[in-house]
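This briefing goes through one protein chain by topic. Please keep the sequence and the model at hand while reading.

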Amino acid sequence: MDIQYAGHTVQCKSNETLLACFLRSGLPIDFSCKSGVCHRCMVKCTSGEIPEAASKKLPITHQGQNYLLSCQCIPTTNMQLVAKTSEDIVTQCVVSACSQTSPQIWQLDCEAYRDLSYQTGQLIIIMDLARTYSILGTLISDPEMGTSLSIEIQSHDLSSIEQQGLNIEGTDFYLKGPLSPPTTAPSERLQPNPTLWKQLGGDEKIREILTTFYQKVYADSQLAPFFERVTMERIIGKQFAFLKENIVGEQVYFGEQPRNSHHWMVISDSLFQHRIDLMRQSLQEHSIPQTLIQQFEMYELQFKEEIVKSQAWLKQVGDLFVDTEKYEECRLDEATVCDYCGAEIAKHTLVRFHTRIGKLACQNCSGHKHL
């Protein structure tokens, strides 16, 4: 069987596991027990059939989600695989104690069902089978205990845990992570690197990667609202031209630079990192090697300071700063419909419109608080 992994295509022999194939072929793969217990050899399948035995020993959170254990998988079809990231790793734990250490901090002590390699200061997400909690905890692992760890939790997040009963001794729950640390932006603008563009696969391949990426973005509850009035085809074209101009050096992008195109968006460090992670997953699904992914990410990270902010910025036009996040009034030359309620608006009616996106509000909607 042909197996695509880590930027290479290798032949898996009859009755040979993927792990054995990777080791024989010299491909990088994390592993330990070879019996399906440690889960370190887990990878994700983007194409091909996954044998039932390959995912049987995974936690229930990963079954049916295209994950498999390399040591348990004997391929029956050709397969395309990508390496796991820290965000793919889920560990089942049991609560041993929960206590308040300060007015703002609670400590959740637990035991894990498998060996951990967490380190102090790493971040995780506490989750259950139904949903992922928006709680990031600091791991305080005890190297001597191995499977024991403590998680620091902000007191205002404790109510979510109490509602799910995670502060009860003996209760099982899941940890996701550790999460990748936020990547650091380069201090200076990067010079074009046309060779990188070719190594990534050139125009056609990069358009395919961007299509995969924006399919994830438009399906993502955190990112989709930023693209409410933009078609996927349009944003793919703009991002393709922007990347090509920066990586190749050709002047093919004629849109606004990141500061102005994102000026109205309030984007946190964590949301920016979430976007980076989705792009990383898209690159991995197209079998882009990790070294090239890191080089590609640097071209996106160099604009981080122009995008991440705690409040909207004014749009800069030359030396002027313009407020586009406001409403103005005008009298219609032609009849139309309200962009908010869909009601008909007669000709010559006085309406309000948003100066950036141009959405019109009828007189009934003009007084609503969302305007």
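The model is predicted: local features need pLDDT of at least 70, side-chain atom pairs count only at pLDDT 80 or more, and totals for chains, interfaces and linings use all residues. Residues are numbered from 1 along each chain as its sequence is written, and side-chain values use heavy atoms, with hydrogens and water left out.

**The chain as a whole**

- The chain has ten helices and 18 strands; helices (H or I, at least four residues) and strands (E, at least two) are DSSP runs, numbered from the N terminus.
- Of the 371 residues in the chain, 43% are buried, where buried means under 20% relative accessible area, exposed over 50% and partly exposed in between (1.4 Å probe, protein chains only).
- Among contacts with a separation of 6 or more, 61% are between residues 24 or more positions apart; a contact means heavy atoms within 4.5 Å.

- Five strands form an open sheet in the order 2-1-5-3-4, with mixed pairing; two strands pair if DSSP finds at least two bridges between them.
- Strand 2 (8-11) and strand 4 (67-69) are the edge strands, each pairing on one side only.
- On average, neighbouring strands of this sheet are turned by 35° against each other, direction ignored.
- Strand 3 (residues 42-47) and strand 5 (residues 79-83) run antiparallel and are joined by four bridges.
- C45 has L81 in strand 5 as its bridge partner.
- Helix 1 (residues 18-25) lies across strand 1 (2-5), strand 2, strand 4 and strand 5, and runs at about 110° to strand 2.
- For such angles, axes are lines fitted to C-alpha atoms, for helices over the stretch in contact, and angles run from 0 to 180 degrees between N-to-C directions.

**Cavities**

- The whole structure holds two cavities of 30 Å³ or more; a cavity is a set of points on a 1 Å grid over the protein atoms alone where a 1.4 Å probe fits but cannot get out, and lining residues have an atom within 4 Å of a point.
- Grid points are joined across faces, edges and corners, and a volume is the space filled by probe spheres set on the points.
- The largest cavity contains about 70 Å³ of space, and its lining consists of K44, V82, A83, T85, D88, Q281, Q284 and E285.
- Strand 5 and helix 8 (269-285) are the elements that give two or more residues to this lining, and helix 8 supplies the largest share, three residues.
- The lining of the largest cavity has two nonpolar, three polar and three charged residues; Ala, Val, Leu, Ile, Met, Phe, Trp, Tyr, Cys and Pro count as nonpolar, Asp, Glu, Lys and Arg as charged, and the others, Gly among them, as polar.
- The second largest cavity, of about 30 Å³, is lined by T85, E87, D277, R280, Q281 and Q284.

**Strand 8 and its partner**

- Strand 8 (residues 123-127) is largely enclosed by the rest of the structure, because four of its five residues are buried.
- Three bridges pair strand 8 with strand 11 (residues 172-176) in the antiparallel sense.
- Opposite I126 stands L175 in strand 11.

**Residue Q100**

- Q100 belongs to strand 6 (residues 90-100) and is partly exposed, with a relative accessible area of 44%.
- Leaving aside residues up to four places away in sequence, Q100 touches I105 and W106.
- Q100 and I153 are 53 residues apart along the chain, and their C-alpha atoms are separated by 9.4 Å.

Note on methods. 1 Å grid on protein atoms, 1.4 Å probe; cavity = no way out; pocket = protein on both sides within 12 Å on 5 of 7 lines; lining within 4 Å.
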